Number of protein chains: 2
Amino acid sequence: MQVNNIGFLLTDIKRLMRREYLKSKLPMTPMQARALVYVSRCEGIRQVALAEMLEIQPITLARLIDQLALDNLVERRPDPKDRRAYGLYLTPEAAPSLKEIDIEIERVRKKALQGLTEEQVEAAMEALTLMHTNLSTDSPL
Amino acid sequence: MQVNNIGFLLTDIKRLMRREYLKSKLPMTPMQARALVYVSRCEGIRQVALAEMLEIQPITLARLIDQLALDNLVERRPDPKDRRAYGLYLTPEAAPSLKEIDIEIERVRKKALQGLTEEQVEAAMEALTLMHTNLSTDSPL
DNA sequence: GTGTATAGTAAGCAATGTATATAATAATCA
DNA sequence: TGATTATTATATACATTGCTTACTATACAC
């Protein structure tokens, strides 16, 4: 029941990073920005696949894509081989937004990691990646 | 613009830990549980002070306390020296809940940290604590 | 062909957080 | 003292992220 709990710490950092991001006044929310980044890395991906990558429900992703489509940053193109499915593609307008997001992510990252050595960052990433894996698997415990 | 971003990773882990916690079917939400734990560690604390510890707005905390008070786990006692303020205290009924929360936190922690060495956990805690400090201070950058 | 699985969406809701405003009280200072 | 300012808690209204459940349309498998 210590207050210096790793879950509490993670929760706080996540909130603080979001707060920091919001100072940027970028028009897209953090998760929208993230979805946009992922689309740019996997153009043509289907919504189910992207939802799985982000580990959120398809409907949750659908809403993010709705917004990005409304803002004319992402386009749903019908899949020629499966009439149920869409491929997600960037619009030409997406490029500047992606650049701004990139800069903003880097700014927040720098602020968060100020004063940490490269080794410390590496160690943290390694530990966090393991935690992610542990929590993703549906083992008991 | 890498997808293996520390912010993304933190976001995911936090979501996965929440999901894991929710499997417990404990009647209080994660933040309610956390607030209860903090009250147990600082009985008599005022709401502003607790909100500051949790780094959330006073109104956000007020709602958490409302719920805990409704569930008869926390009591607002008028501060004898300041008629605007309340001290937060556990009710007698809180003890069993705290025990359950403790067990649940430990379960999630174990699942998340499975396979990590003590050194890895230490390193992660150290890095995360530094990040927390960096993000809490209102420096520019 | 019939039954089952999959892709996407709709509706409705919950948790967490915010900004802004207000009431009551306390503290400061002229 | 009395006026101004600050602090404590709360009300209202809202946004974001996430969920469950249910539905339509299409694909696949037997």
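**Exercise 1. The layout of one chain**

How many helices and strands does the secondary structure of chain A come to? Work out their order and the space the chain fills as well.

*Solution.* Keep in mind from the start that this is a predicted model.

Step 1: Count the elements. Chain A has six helices and two strands.

Step 2: Starting at the N terminus, the pattern reads α-α-α-α-β-β-α-α.

Step 3: Look at the extent. Along the principal axes, the C-alpha atoms of chain A fill a box of roughly 55 × 40 × 25 Å.

Step 4: Turn to the interior. Chain A has 141 residues, and buried residues make up 25% of them. Take the contacts in chain A between residues at least 6 apart in sequence: 52% of these join residues at least 24 apart.

**Exercise 2. A lysine with a positive phi**

Find where A:Lys25 lies, and decide whether this residue is buried or exposed.

*Solution.* Step 1: Check the backbone. A:Lys25 is not a glycine, yet its phi is positive, at about 60°.

Step 1: A:Lys25 sits in the loop that runs between helix H1 (6-22) and helix H2 (30-41) of chain A.

Step 2: Count neighbours. A:Lys25 has 7 other C-beta atoms within 10 Å, so A:Lys25 is exposed.

Step 3: With 7 other C-beta atoms within 10 Å, B:Lys25 is exposed.

**Exercise 3. A serine in helix H5**

Is B:Ser97 buried or exposed? Name its contacts too.

*Solution.* Step 1: Locate the residue. B:Ser97 belongs to helix H5 of chain B.

Step 1: Apply the cut-off. Buried means that 20 or more other C-beta atoms lie within 10 Å. For B:Ser97 the count is 23 other C-beta atoms within 10 Å, so B:Ser97 is buried.

Step 2: List the partners. Leaving aside residues up to four places away in sequence, B:Ser97 touches B:Leu36 and B:Leu73.

Step 3: B:Val39 is 58 residues apart from B:Ser97 along the chain, and their C-alpha atoms are separated by 13 Å.

**Exercise 4. Around the DNA**

*Solution.* Step 1: Start with DNA strand C.

Step 1: Ask which elements take part. Those supplying at least two residues each near DNA strand C include H1 and helix H3 (47-54) of chain A, and H2 of chain B.

Step 2: Go on to DNA strand D. Here there are 23 residues, and A:Thr29, A:Met31, A:Arg83, B:Gln47 and B:Ala85 come nearest. The surface near DNA strand D divides into 10 nonpolar, six polar and seven charged residues. Among the elements giving at least two residues each are H2 of chain A and helix H3 (47-54) of chain B.

**Exercise 5. How the chains meet**

Describe the contact of the two chains, then relate one copy to the other.

*Solution.* Step 1: Size the contact. Chain B gives 49 residues and chain A gives 48 residues.

Step 1: Find the main contributor. H6(B) provides the largest share of the side of chain B that touches chain A, with 14 residues. By class, that side has 27 nonpolar, 10 polar and 12 charged residues.

Step 2: Examine one helix pair. Helix H6 (residues 118-136) of chain A packs with H5(B) at an angle of about 115°, their axes 7 Å apart. That makes H6(A) roughly perpendicular to H5(B). A:Met131, A:Asn134 and A:Leu135 of H6(A) form the contact with B:Lys111, B:Ala112 and B:Leu113 of H5(B).

Technical notes: Residues numbered from 1 in each chain as written. Chains lettered and ligands numbered in written order. Predicted model: local features only at pLDDT ≥ 70, side-chain atom pairs only at ≥ 80, totals over all residues. Helix = DSSP H or I, 4+ residues; strand = E, 2+ residues; numbered from the N terminus. Buried ≥ 20, exposed ≤ 12 C-beta atoms within 10 Å, placed from the backbone. Near = placed C-beta within 6 Å. Nonpolar A, V, L, I, M, F, W, Y, C, P; charged D, E, K, R; others polar. Contact = placed C-beta atoms within 7 Å. Axes fitted to C-alpha atoms, helices over the stretch in contact; angles between N-to-C directions. Parallel < 35°, antiparallel > 145°, perpendicular 65-115°, else oblique.
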